[in-house]
Amino acid sequence: MKVTLNKTDNVNGIIAIELEKPDYQENVDKSLNQFRQRANIPGFRQGKVPKGIIQKMYGKSVLAEEINKLVSNELYKYIKDNNLNILGEPLPNEEENKIDFDKDENFEFKFDVALAPEFELSLDKKDTLTYYNVKLEDDLLDKQYDAYKQNYGTYKKVDSEAVDTDLVKGKITEIDNGEPKENLLEIENGIIMPAYIKDEETKKKFVGANVGDSIVFNPKTAYDNNAAEIASLLQISKDDVQAVNSDFTFEIQEVTRYEEAEMNQELFDKVLGEGVVSSEEDFKSKVAEMLSNQFKPAADNLFMKSARELILEKLKDVEFPDAFMKRWLLAANEKNTEESIETDFPKIAEDLKFHLSKEKIVKEQDIKIEDTDMEAFAAEVAKAQFAQYGMSNVPADVLENYVKRMMEDQNTVRNMYEQVVENKVMNWLKQTVEVNEEQISSKDFEKLLSKDDEKEETSEQENKEDKE
């Protein structure tokens with residue numbers, strides 16, 4: 001067996017695999033023998049079918065299958081053993097290989113391969129990139145502090161008249177002409193918030209009422225015949241609501257009012273964790289930092305987009321195997337057409353160049369991804385996801401279990417690995433080029449993101465129009 005690579009130019013080559021009979025015959029014989037052992041042919045006992053018959057029936061297909069397996073294995077073994085950095089996948093050589101399995105004993109197979117170009121990536125302090133540090137406006141921070149005070153507030157009993165946002169608690173009793181009726185509905189622990197009552201006249205009865213008052217009302221009138229709300233109030237099923245037409249009394253036993261949390265140590269501990277901060281100043285500083293960090297992924301993304309533009313400009317004259325890549329894209333996905341590939345290829349080629357540049361940085365800078373890197377990143381992702389729902393102080397065991405589930409999903413792990421690699425490349429870039437750190441308000445940053453999205457959409461549309 002002989003495997004060779006013939007470079008047709010700097011980025012294209014042909015891998016030739018030459019086979020002689022001794023290279024494949026043992027495997028063919030072994031496979032035919034297995035067929036013989038399993039064959040069930042009338043007139044012969046199983047396992048006793050003459051070799052000639054098996055050869056006649058299966059010889060050609062077995063020969064083709066074993067040779068194809070051998071060629072495939074040797075092809076990828078050669079690529080691996082010789083550290084060939086190929087793009088896409090090898091494709092059968094465009095020149096027709098004349099193979100005759102009936103007559104030939106020696107075979108030659110040729111495969112076209114695209115070779116990643118060799119290039120220098122010169123980056124230094126002469127190159128400048130901008131990184132945006134987002135600072136939240138005071139009014140947005142004040143809204144967040146108020147939201148925390150509201151979220152962590154509590155209901156407390158009051159002796160004053162009820163207001164529309166109070167919880168009015170008491171006994172609800174069905175009546176008939178002012179008297180309790182037979183088989184009446186009676187709810188010992190009824191709760192009403194006047195603000196949710198739809199009928200204004202009924203609402204007025206509860207607003208201003210005091211503990212000890214007894215209010216007559218009709219649930220269907222109060223809630224505009226909403227079956228779900230009536231069922232919840234009377235603690236019955238929605239199917240039973242239709243049969244309820246009576247008036248009810250509500251004997252007020254308790255009025256509770258929601259009081260927002262105070263800006264104190266108890267609130268600090270609930271939001272950030274016990275003992276994380278001990279003063280209002282530190283609390284606000286920490287919250288501001290947390291909220292600003294929510295913009296970090298977008299800021300990182302903008303930085304890497306700028307880095308991508310810088311690198312692509314440096315690689316604009318690097319030769320790439322465009323013709324092969326278009327051919328491979330067409331073969332790799334049946335949904336692709338020559339027209340769609342021509343339209344999309346400029347973007348694909350740029351993505352590929354940037355990918356190769358990141359690979360080069362990882363290799364030359366000996367960047368390693370350890371398990372600890374993955375676990376730390378997974379924890380940050382989990383914290384960010386909880387933070388989106390206002391959960392900034394997640395218990396350690398909950399966070400740990402969530403991260404564990406994330407690490408069990410192979411797609412999630414693969415995506416996180418790529419992001420960890422990109423983060424390390426980004427950190428190297430920040431140390432290598434000149435970085436102008438620019439502070440920007442969240443509102444201006446949002447505008448910047450919108451402009452960036454519009455720029456991308458315009459660029460894609462122009463590319464399509466140019467191809468048309």
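Biologist: In this model, what is the handedness of the crossing of helix 13 and helix 14, left-handed or right-handed?

Modeller: The crossing of helix 13 and helix 14 is right-handed. Please keep in mind that the model is predicted.

Biologist: At what angle do helix 13 and helix 14 pack, and how far apart are their axes?

Modeller: Helix 13 covers residues 371-388 and helix 14 covers residues 396-407; they pack at an angle of about 115°, and their axes lie 9 Å apart. Angles of 65 to 115 degrees count as roughly perpendicular, so helix 13 is roughly perpendicular to helix 14.

Biologist: Which residues meet where helix 13 and helix 14 pack?

Modeller: From helix 13 the residues include Met-374, Ala-378, Val-381 and Phe-386, and those they meet in helix 14 include Leu-399, Tyr-402 and Met-406. By class, this contact of helix 13 with helix 14 has twelve nonpolar, one polar and one charged residues.

Biologist: What classes of residue make up the contact of helix 11 with helix 12?

Modeller: Among the residues that meet are Met-325, Lys-326 and Leu-329 in helix 11, and Glu-338, Ile-341 and Phe-345 in helix 12. The residues of this contact divide into seven nonpolar, no polar and four charged.

Biologist: How many residues does the largest nonpolar core have?

Modeller: The largest nonpolar core has 55 residues, and those with the most contacts inside it include Leu-87, Phe-283 and Phe-445. Leaving aside neighbours within four places in sequence, Phe-445 is in contact with residues including Tyr-132, Phe-295, Leu-302 and Ile-440. Another core, of 25 residues, lies apart from the largest one, and Val-28, Ile-41, Leu-63 and Phe-111 are among its members.

Biologist: What is the phi of Asn-83, and is this residue buried or exposed?

Modeller: Asn-83 has a positive phi of about 50°, although it is not a glycine. The residue sits in the loop between helix 2 (51-81) and strand 3 (86-92). Exposed means over 50% relative accessible area, so Asn-83, at 68% relative accessibility, counts as exposed.

Biologist: Where is Asp-224 placed?

Modeller: Asp-224 is in the loop between helix 5 (219-222) and helix 6 (227-234). Asp-224 has a positive phi of about 50° although it is not a glycine, and it is exposed, with a relative accessible area of 58%.

Technical notes. Residues are numbered from 1 along each chain as its sequence is written. This is a predicted model: local features need pLDDT of at least 70, side-chain atom pairs count only at pLDDT 80 or more; totals for chains, interfaces and linings use all residues. Side-chain values use heavy atoms; hydrogens and water are left out. A nonpolar core is a set of buried Ala, Val, Leu, Ile, Met, Phe, Trp, Tyr and Cys residues joined through side-chain atoms within 4.5 Å. Buried means under 20% relative accessible area, exposed over 50%, partly exposed in between (1.4 Å probe, protein chains only). Contact means heavy atoms within 4.5 Å. Axes are lines fitted to C-alpha atoms, for helices over the stretch in contact, and angles run from 0 to 180 degrees between N-to-C directions. Helices (H or I, at least four residues) and strands (E, at least two) are DSSP runs, numbered from the N terminus. Angles under 35 degrees count as roughly parallel, over 145 as roughly antiparallel, 65 to 115 as roughly perpendicular and the rest as oblique. A crossing is left-handed if the near helix is turned anticlockwise from the far one by less than a right angle, and right-handed if clockwise. Ala, Val, Leu, Ile, Met, Phe, Trp, Tyr, Cys and Pro count as nonpolar, Asp, Glu, Lys and Arg as charged, and the others, Gly among them, as polar.
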